[in-house]
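Dear colleague,

Please find below the structure I promised to pass on, together with its sequence. My notes on it follow.

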Amino acid sequence: RNVLIAKLSAMLRRSYDFAASVSIIEHNGAMLNMSDNTLTYQGENIDLSKNEYKILLTLMENRGKVVSRENTLTVNVNRLRKKLDNAGLKDFIGTKFGVGYIVQID
């Protein structure tokens, strides 16, 4: 996976002549690009609202750790889950009942 991400990053830098490197968080094939706030999975771009991006970024940065519900809005998480499910990322975000949400480590 790291080789693929490195190749994609290099290709993007060459294609768009980026001065700085592209920051991407990858998990289970989902690539969250922090330079343009986009999510890509299996070559498809998934539109995210500003809040959905922030939630997903927080969850992916804290993979394997529960993120408190206080840091998220349940309605935004539900909307984000639906988008991820429709894109083929079923059960990407888990729930720890009464505590918060989690992106599981492989």
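Two strands are said to pair if DSSP finds at least two bridges between them. On that basis E5 and E7 pair in the antiparallel sense, over 2 bridges. Please bear in mind throughout that this is a predicted model.

The sheet

E5 (residues 67-68) and E7 (residues 100-102) belong to an open sheet of 3 strands, ordered E5-E7-E6, with antiparallel pairing. E5 and E6 (94-96) are its edge strands, each pairing on one side only. Within the sheet, Val67 stands opposite Tyr101 in E7.

Overall composition

The protein contains 3 helices and 7 strands. Read from the N terminus, its elements follow the order α-β-β-β-β-α-β-α-β-β. Of its 106 residues, 35% count as buried. Among contacts between residues at least 6 apart in sequence, 51% join residues at least 24 apart. The accessible surface comes to about 6,800 Å², and carbon and sulfur atoms account for 49% of that area.

The buried residues of H2 are Glu52, Tyr53, Ile55, Leu56, Leu57, Leu59 and Met60. An α-helix has 3.6 residues a turn, so residues three or four places apart point the same way. The cover over the buried residues of H2 includes the strands E1, E2, E3, E5 and E7, as well as helix H3 (74-86).

The largest nonpolar core has 22 residues, and those with the most contacts inside it are Leu32, Leu39, Leu48, Leu56, Leu84, Phe92 and Ile93. At least two residues of this core come from each of E2, E3, H2 and H3. H2 gives the most, with 6 residues.

Which residues does Phe92 touch, not counting those up to four places away in sequence? They are His27, Asn28, Ala30, Leu56, Met60, Leu84, Ile102 and Val103.

Leu57, in helix H2, counts as buried because its relative accessibility is 17%, and the limit for buried is under 20%. Leaving aside residues up to four places away in sequence, Leu57 touches Ile25, Leu32 and Met34. Leu57 and Ile25 are 32 residues apart in sequence, yet their C-alpha atoms are 8.2 Å apart in space.

His27 lies in strand E1, which comprises residues 24-27. With a relative accessibility of 4%, His27 counts as buried. The His27 side chain reaches the backbone oxygen of Gln104 at 2.7 Å, and His27 is also among the residues that Phe92 touches.

Asn28 is found in the loop between E1 and E2, and its phi is near 50°, a positive value in a residue other than glycine. Asn37 is found in the loop between E2 and E3; its phi is near 55°, again positive in a residue other than glycine. Asn28 counts as partly exposed at 38% relative accessibility, and Asn37 counts as partly exposed at 39%.

With kind regards

Note on methods:
Residues are numbered from 1 along each chain as its sequence is written. This is a predicted model: local features need pLDDT of at least 70, side-chain atom pairs count only at pLDDT 80 or more; totals for chains, interfaces and linings use all residues. Side-chain values use heavy atoms; hydrogens and water are left out. Helices (H or I, at least four residues) and strands (E, at least two) are DSSP runs, numbered from the N terminus. Buried means under 20% relative accessible area, exposed over 50%, partly exposed in between (1.4 Å probe, protein chains only). A polar contact is a pair of N or O atoms within 3.5 Å; within protein, one must be able to donate a hydrogen and the other to accept it, and residues adjacent in sequence count only if both atoms are side-chain atoms. Contact means heavy atoms within 4.5 Å. A nonpolar core is a set of buried Ala, Val, Leu, Ile, Met, Phe, Trp, Tyr and Cys residues joined through side-chain atoms within 4.5 Å. Accessible areas come from the Shrake-Rupley method with a 1.4 Å probe; for residues, only the protein chains shown count as cover.
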